[in-house]
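Reader: I am new to this structure and would like to know what stands behind the words used for it. Please show it to me, and then I will ask.

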Amino acid sequence: MINVAVLGYGTIGAGVVQVLQTNADSIEQKAGDKIVVKHILDLRDFPGDPNQDLVVHDYKIIEEDEDVNIVVECMGGVEPAHTFVKTALLQGRSVATSNKELVAKYGAELIGIAKEKKCNFLFEASVGGGIPIIRPLTQCLTADVIEEISGILNGTTNYMLTKMEEEGCDFDEVLKEAQEKGYAELHPEADIEGYDACRKIAILTSLAYGKQLDFEDIHTEGITGISAEDFLYARKMKKCIKLLGKSWTDGRGHLYAMVCPMLIDDHHPLAGVKDVFNAIFVHGNMVDDTMFYGRGAGKLPTASAVAADVVDCVKHMGTHIKMIWEPDKLELSDFGGFERKYFVRMGEEVSLEEIEKAFGPVSVIEVENVKEKAFVTGVMKESGYHKAADKFDNIRSMIRIDE
């Protein structure tokens, strides 16, 4: 029998307990041993809950219980999660977590401890919720050199952009609706400013290249500047707008990473990903294009991925599943050096001559009942775009084009 301690009895923690208990017979068959939830750590009491007798308020109880084999961390945030997880690993206990903040900041350190102690630190649910992506990246695609990872990594913002695209809603209106439906938090900055997606692409890139990419080094923009008018132009260009977390190499040894809204062609595999669904597009030098799609968040989809990590921990008791993520810093190339096209909107008082003097030849885009200058630049460096844009004080919007 394998005893599990679950840290945090919120949405995900409760979901993990539910999955492990509801599917106990099936899970036992696949794991090769019976898995039992012995402790649930939370500051609150849960009177009337069927698991109320399992709730403890002090981690010391779990730390000192020699019968606990695996710790599941669903607390969120960096502390005290980091302290509890590190303590468990140093005791030789495997850990499964859904905590992207913890993994992005301390993934390399915690994997190193797990390797030393011959146990495991698994975090499948930290990036794609219920979407399998960590195992495919670290096991199924290990024969490839990964050349690009591009993902819709946040369900809240994808829901909002879908509503704006399909119903013509403005940003404030759709944010309020997302909050009413429980898709967005009362304080939604982590989602709408791109921070959530940034941590996730940092995790994926660190695993793809085997070194620590600090999320603070990734250029990050959210969707707060996107308006209903932007979608009118996108439709005219046969494109759609998605918030992408993206890392890629340019074939010359340069690695780039960014999070920002981007215009992608309607036929791009990510273009059909709507509402709260997420998808991760991976390009390898041998396998070519692959895509992983599903519910990137939610109680039971995320809990299912955490529970699967628990099963993997049971199947590998006493052995370490090799995962390369060294603490050495992964250096990104100068963001200003990458070349692409840009879609720009500015006041109608500017002449085309002035625009092309600054940006070079452009393709003008017009939509009915919108009076302004809108255009697509030629291919230019990020630094070159900003140098040209600094000559104007009436730019209303800029969206990068992903081709």
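Reader: What covers the buried residues of α14?

Author: This is a predicted model. In it, the cover over the buried residues of α14 includes β15 (339–346), β16 (362–364), β17 (373–377), β18 (380–381) and α15 (382–389). The buried residues of α14 (352–359) are Ile355, Ala358 and Phe359.

Reader: Which cluster does Phe359 belong to?

Author: Ring pairs link Phe359 with Tyr342, Phe375, Tyr385 and Phe392. Across the whole structure, a search finds 14 aromatic pairs.

Reader: Why is the pair of Tyr9 and Phe46 called edge-to-face?

Author: Ring centres must lie within 6.5 Å to pair, and planes over 60 degrees apart count as edge-to-face.

Reader: How do you know that the charged end of Arg199 sits over a ring?

Author: The distance cut-off for a charge over a ring is 6 Å from the ring centre, and there is also a limit of 35 degrees from the ring normal. The charged end of Arg199 is 4.3 Å from the centre of the Phe215 ring and counts as sitting over it. Lys105 is placed likewise over the ring of Tyr106, with its charged end 5.7 Å from the centre.

Reader: Why is Thr138 called buried?

Author: Buried means under 20% relative accessible area. Thr138 has 18% relative accessibility, so Thr138 counts as buried. Thr138 lies in helix α7 (134–140), and its side chain reaches the backbone oxygen of Ile134 at 2.8 Å. Leaving aside residues up to four places away in sequence, Thr138 touches Leu207 and Met323.

Reader: What makes β10 a mostly covered strand?

Author: Of the 11 residues of β10 (239–249), 10 are buried.

Reader: How do you know that β10 pairs with β7 and with β11?

Author: At least two bridges are needed for two strands to pair. β7 (146–152) and β10 have 4 bridges, in the antiparallel sense, and β10 and β11 (255–265) have 11, also antiparallel. Gly151 has Gly245 in β10 as its bridge partner, and Trp248 has Tyr256 in β11. The hairpin of β10 and β11 has 5 residues between the strands, and Gly251 there takes a positive phi near 85°.

Reader: Why are β3 and β6 called edges of their sheet?

Author: The open sheet has 6 strands in the order β3-β2-β1-β4-β5-β6, with parallel pairing. β3 and β6 (121–122) each have a single partner strand, so one side of each is left without a neighbour in the sheet. Within this order, 4 bridges join β4 (68–73) to β5 (94–97), and Val71 stands opposite Val95 in β5.

Terms used. Residues are numbered from 1 along each chain as its sequence is written. This is a predicted model: local features need pLDDT of at least 70, side-chain atom pairs count only at pLDDT 80 or more; totals for chains, interfaces and linings use all residues. Side-chain values use heavy atoms; hydrogens and water are left out. Rings of Phe, Tyr and Trp (its six-membered ring) pair if their centres lie within 6.5 Å; planes under 30 degrees apart count as stacked, over 60 as edge-to-face and the rest as tilted. Buried means under 20% relative accessible area, exposed over 50%, partly exposed in between (1.4 Å probe, protein chains only). Helices (H or I, at least four residues) and strands (E, at least two) are DSSP runs, numbered from the N terminus. Contact means heavy atoms within 4.5 Å. A polar contact is a pair of N or O atoms within 3.5 Å; within protein, one must be able to donate a hydrogen and the other to accept it, and residues adjacent in sequence count only if both atoms are side-chain atoms.
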